[in-house]
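Q: I have a model open and want to learn how to read it. Where do I start?

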Amino acid sequence: MSVRFGLIEQHLSERVGYCSLARRVRAAKIFVMSREIVIGDVHGCLRELRVLIDQLQVTGDDHLIFVGDLINKGPDSKGVIDFVLDLQKNACKVTPILGNHEDKFLRWLAHEQRRTNTGTQNPVLDHTGKLAKLASELNEYQTCFLKSFR
């Protein structure tokens, strides 16, 4: 018995007693509607994101909406991108929304590609070197994923 169905059955037995209605619910296999779960400001913290997703018990019916800033600041931006890609491929619907850190990274990357071709200075500053480090870690597929954010 699934956790969700068990909760419905428990609710019915508490409210109306364990009657024929509960048996009909079990026979009908009522499905709980999907959840829209909004998550923001992950900032490269893969371990904490994994804990959150585990605690939410995400299913294929759920829709995760990441409202920006998956990357930067934390220790594992690449790992976060890979994890979200895996969620999208294997677990549930995922909608990533462009945050200011993704925007800065993509602007830095575009200017950096121009800089290597033309020799012009990159106007997007990378004081800490995190943008350059992330760019060196990501493959084309992962970069295209970031570019797909709305």
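A: Start with one residue and its neighbours. This is a predicted model.

Q: What is the general idea behind nonpolar side chains being buried together?

A: In soluble globular proteins, nonpolar side chains tend to be buried together. Here the largest nonpolar core has 29 residues. Leu49, Leu64, Phe66 and Phe105 have the most contacts inside this core. At least two core residues come from each of strand 1, helix 3 (46-56), strand 2, helix 4 (77-90), helix 5 (100-118), helix 6 (130-137) and helix 7 (140-147). Helix 4 gives the most, with 6 residues.

Q: How do I read the sheet, and in what order do its strands lie?

A: Follow the strand order and the pairing sense. The sheet is open, with 3 strands in the order 1-2-3 and parallel pairing. Strand 1 (36-39) and strand 3 (93-96) each have a single partner strand, so one side of each lacks a neighbour in the sheet. Neighbouring strands are turned by 20 degrees against each other on average, direction ignored. Strand 2 (residues 63-66) pairs with strand 3 over 4 bridges. The bridge partner of Phe66 in strand 3 is Pro96.

Q: How are two packed helices described?

A: By the angle between their axes and the distance between the axes. The axes of helix 5 and helix 6 come within 10 Å and cross at roughly 75 degrees. Helix 5 is therefore roughly perpendicular to helix 6. Helix 5 uses Lys104, Phe105, Trp108 and Leu109; helix 6 uses Leu131, Ala132, Leu134 and Ala135. These contact residues divide into 7 nonpolar, no polar and 1 charged.

Methods: Residues are numbered from 1 along each chain as its sequence is written. This is a predicted model: local features need pLDDT of at least 70, side-chain atom pairs count only at pLDDT 80 or more; totals for chains, interfaces and linings use all residues. Side-chain values use heavy atoms; hydrogens and water are left out. Two strands pair if DSSP finds at least two bridges between them. Axes are lines fitted to C-alpha atoms, for helices over the stretch in contact, and angles run from 0 to 180 degrees between N-to-C directions. A nonpolar core is a set of buried Ala, Val, Leu, Ile, Met, Phe, Trp, Tyr and Cys residues joined through side-chain atoms within 4.5 Å. Buried means under 20% relative accessible area, exposed over 50%, partly exposed in between (1.4 Å probe, protein chains only). Angles under 35 degrees count as roughly parallel, over 145 as roughly antiparallel, 65 to 115 as roughly perpendicular and the rest as oblique. Contact means heavy atoms within 4.5 Å. Ala, Val, Leu, Ile, Met, Phe, Trp, Tyr, Cys and Pro count as nonpolar, Asp, Glu, Lys and Arg as charged, and the others, Gly among them, as polar.
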